[in-house]
Amino acid sequence: MADDQRLWGYPEVAAHLGISVGATRSRKSRGSLPSPDDDSVPDRPRWKPSTFQNWRPVGQRFRSDLHCAT
């Protein structure tokens, strides 16, 4: 992984989504977040910022049933 690609933990993902860290953890446990890019440390999943570029959360005015997976 390139050094310029810093990984995000729960706080960074929460800030990006505009929700609390607790809500982010809850979404992760329900499977409502993309799979982590690094889960080598238990209970500390990490995501590349690019993972969230085209990802849309279900339930925030986004109708997943109207969009096909690419």
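What share of the contacts in the protein with a separation of 6 or more is accounted for by residues 24 or more positions apart? These residues account for 41% of such contacts, where a contact means heavy atoms within 4.5 Å.

## Basis of the model

This is a predicted model, in which local features need pLDDT of at least 70 and side-chain atom pairs count only at pLDDT 80 or more, while totals for chains, interfaces and linings use all residues. Residues are numbered from 1 along each chain as its sequence is written, and side-chain values use heavy atoms, with hydrogens and water left out.

## Overall structure

The protein has two helices and zero strands; these are DSSP runs, with helices (H or I) of at least four residues and strands (E) of at least two.

Of its 70 residues, 23% count as buried, a term for a relative accessible area under 20%, with exposed over 50% and partly exposed in between (1.4 Å probe, protein chains only). The accessible surface is about 5,200 Å², and 46% of that belongs to carbon and sulfur atoms, by the Shrake-Rupley method with a 1.4 Å probe.

## Nonpolar core

The largest nonpolar core has eight residues, including Trp-8, Leu-17, Leu-33 and Trp-55. Such a core is a set of buried Ala, Val, Leu, Ile, Met, Phe, Trp, Tyr and Cys residues joined through side-chain atoms within 4.5 Å.

Beyond its neighbours within four places in sequence, Trp-55 is in contact with Leu-17, Ser-32, Leu-33 and Pro-34.

## Salt bridge

One salt bridge is counted, defined as a side-chain nitrogen of Lys or Arg within 4 Å of a carboxyl oxygen of Asp or Glu. The side chains of Arg-6 and Glu-12 form this pair, at 3.1 Å from N to O. Arg-6 is exposed, at 52% relative accessible area, whereas Glu-12 is partly exposed, at 25%.
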